[in-house]
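Hi everyone, thanks for making time.

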Amino acid sequence: MPDLVTAFSALSDSTRLGIVEQLMSQGELPAGDLIEGRGMSGAAISRHLKVLRQAGLIKQRAQGPQRLYSIQPDGLRAIADWTISKREFWETSLDRLETAILEDEEL
């Protein structure tokens with residue numbers, strides 16, 4: 001399971017978040033496809049991909065000279081599990097806020 005701080009830190013960059021979203025929607029892609037439309041060099045994208053790999057969010061495999069990237073499900077599952085575990089806290093907090101607002105309106 002990836003470290004959540006590292007995973008959230010990796011996703012805090014808009015380029016890396018965009019790469020993850022692209023891989024989620026399009027599936028496995030070669031590095032060249034991840035460069036297109038980003039206005040960045042291959043070296044810059046490579047650094048972003050390395051951060052995402054180290055965070056456990058994506059994986060890489062070689063196919064001949066090409067490097068293919070895809071989502072690492074366990075990494076994203078850890079984020080989803082953590083988020084879901086906090087759902088009760090947010091629902092309770094929002095219910096208390098709604099009660100306080102209604103009480104304030106009655107005054």
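Gly75 has a relative accessible area of 1%, so it counts as buried; the cut-offs are under 20% for buried, over 50% for exposed and partly exposed in between, using a 1.4 Å probe and protein chains only. Gly75 sits 20 residues from Ala55 in sequence, and their C-alpha atoms are 7.7 Å apart.

Now, some housekeeping. This is a predicted model, where local features need pLDDT of at least 70 and side-chain atom pairs count only at pLDDT 80 or more, while totals for chains, interfaces and linings use all residues. Residues are numbered from 1 along each chain as its sequence is written, and side-chain values use heavy atoms, with hydrogens and water left out.

Okay, the overall picture. The protein has 6 helices and 3 strands, and from the N terminus they go α-α-β-α-α-β-β-α-α. The C-alpha atoms fill a box of roughly 70 × 30 × 20 Å along the principal axes. The radius of gyration, taken over C-alpha atoms, is 19 Å, whereas a compact globule of 107 residues would be near 13 Å; that rule is 2.2 Å times the number of residues to the power 0.38. Of the 107 residues, 30% are buried.

So what's inside? The largest nonpolar core has 18 residues, and Leu23, Leu52, Leu57 and Ile58 have the most contacts inside it. By nonpolar core I mean buried Ala, Val, Leu, Ile, Met, Phe, Trp, Tyr and Cys residues joined through side-chain atoms within 4.5 Å. Helix 1, helix 2, helix 4, strand 3 and helix 5 each give two or more residues to this core.

Let's zoom in on helix pairs. Helix 2 and helix 4 pack at about 75°, with their axes 10 Å apart. Those axes are lines fitted to C-alpha atoms, for helices over the stretch in contact, and angles run from 0 to 180 degrees between N-to-C directions. So helix 2 is roughly perpendicular to helix 4; under 35 degrees would be roughly parallel, over 145 roughly antiparallel, 65 to 115 is roughly perpendicular, and the rest is oblique.

Who meets whom there? From helix 2, Thr15, Arg16, Ile19 and Val20 meet Ile45, His48, Leu49, Val51 and Leu52 of helix 4, where contact means heavy atoms within 4.5 Å. Thr15 itself is buried at 17% relative accessibility. Leaving out residues up to four places away in sequence, Thr15 touches Arg38, Met40, Ile45 and His48.

The other pair is helix 1 and helix 5, whose axes come within 10 Å and cross at roughly 105°. That makes helix 1 roughly perpendicular to helix 5. Leu4, Ala7, Phe8 and Leu11 in helix 1 meet Ala78, Ile79 and Trp82 in helix 5.

Conventions:
Helix = DSSP H or I, 4+ residues; strand = E, 2+ residues; numbered from the N terminus.
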